[in-house]
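User: Please take a close look at the aromatic pairs in this structure. Which rings pair, and how are they placed?

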Amino acid sequence: MKNSLNHSRGLGRMLKGVLTGLLLGSAALASISATAQQAWPTKPVRVILPFGPGSATDIVARAVAEEFRSELGQPFIVDNRAGANGFIAAEAVARAPADGYTLFITSNTTQTNNQFLFKKLPYDPVKDFVPIGPINEQYYVLAVPQSMPVNNVAEFVAWLKANPDKASYGWGAAVAQIAGATFLKEVGATATGVPYKSSPQVTTDLIGGQLSFTVQGVTSGLQVLKSGRLKALMVSSPERVPQLPDVPTGAEAGVPGFRASAFIGVFAPTGTPEHIVKLLNATLIKALRKPEMIARIDACCAGRFIHSSPAEFAEYLRKDRERWSTSINAVGIKPE
């Protein structure tokens, strides 16, 4: 009997020791996990963009990268990889390690438009990325060279119809391509379309007279428009934009179907740890609520700010894909 009691007590002590060890092990793992989560970022973070310096995405991305650096204590280095309608940059991010050290600041072009403009993409805009959060929506402006002998949309439409062999338009992003095609369909005119790597190159050729018009983000063309080297004929917003108060909306100019906006947002490769995604989202929203950040982006960019969670941004993207699919089909753009 005594031996049985001793045996039971020994077994109890052994089980107690095992349980204590398990609890200590779990606590240690939890501590290691918490430490690992708190450790990011411990080195510079690369922020890849699909457009060149001076584009709307570039201007906004650099402002956001500075805020990330200030709040998170590591450099966020902007890496412009323009070209191929955003393919180069998007594929680079999609194939990057999902460790939080590669981010993607991009727009409708790569995330909602390309899948309807091309038969095959080197990346999947839905499966290859996790949405972190939107930054803002931006509006567009239809601009012509200063040398163009027109002063309003009606005169420009008349010029297009009288010069179908000379008319051409360029774009540096998918939204501008679709908006340009929509304008031509609305007014019953034709023009040769010319794709570019980035919007600033379009502006250069437009100023030089190599193109008849372009539809580009107000942000990327604002300084040139204010300098008088280009003429702004109408904006794509529902109301006039404060940066160009004398420029009519599409509805005011007699082209009510000329409506276009593009989001700019932050993404990461699919598989990026959830705590990093949440931290970046919280940091982004905090930055976008700062008065100095609002003033900085308002000074260059015509549009509106958007604050949302990653899940809300994912739903926004779903609706945006539906909207652009309808627009692309309406103007008859066929996938290449």
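Analyst: What follows is a look at the aromatic pairs.

This is a predicted model, in which local features need pLDDT of at least 70, side-chain atom pairs count only at pLDDT 80 or more, and totals for chains, interfaces and linings use all residues. Residues are numbered from 1 along each chain as its sequence is written, and side-chain values use heavy atoms, with hydrogens and water left out.

A search of the whole structure finds 17 aromatic pairs. Rings of Phe, Tyr and Trp (its six-membered ring) pair if their centres lie within 6.5 Å; planes under 30 degrees apart count as stacked, over 60 as edge-to-face and the rest as tilted.

One of the pairs joins Trp40 and Tyr101, tilted, with 6.2 Å from centre to centre and 55 degrees between the planes. Trp40 lies in the loop between helix H1 (2-39) and strand S1 (45-49), and Tyr101 in the loop between helix H3 (87-94) and strand S3 (102-107), so the pair ties together parts 61 residues apart in sequence. Helices (H or I, at least four residues) and strands (E, at least two) are DSSP runs, numbered from the N terminus.

Trp40 is buried, at 7% relative accessible area, and Tyr101 is buried too, at 14%. Buried means under 20% relative accessible area, exposed over 50%, and partly exposed in between (1.4 Å probe, protein chains only).

Tyr101 also has Lys43 over its face, 4.7 Å from the ring centre. Such a charge has NZ of Lys or CZ of Arg within 6 Å of the ring centre and within 35 degrees of the ring normal.

Phe68 and Phe76 form another tilted pair, 5.2 Å centre to centre with 55 degrees between the planes, and both are buried.
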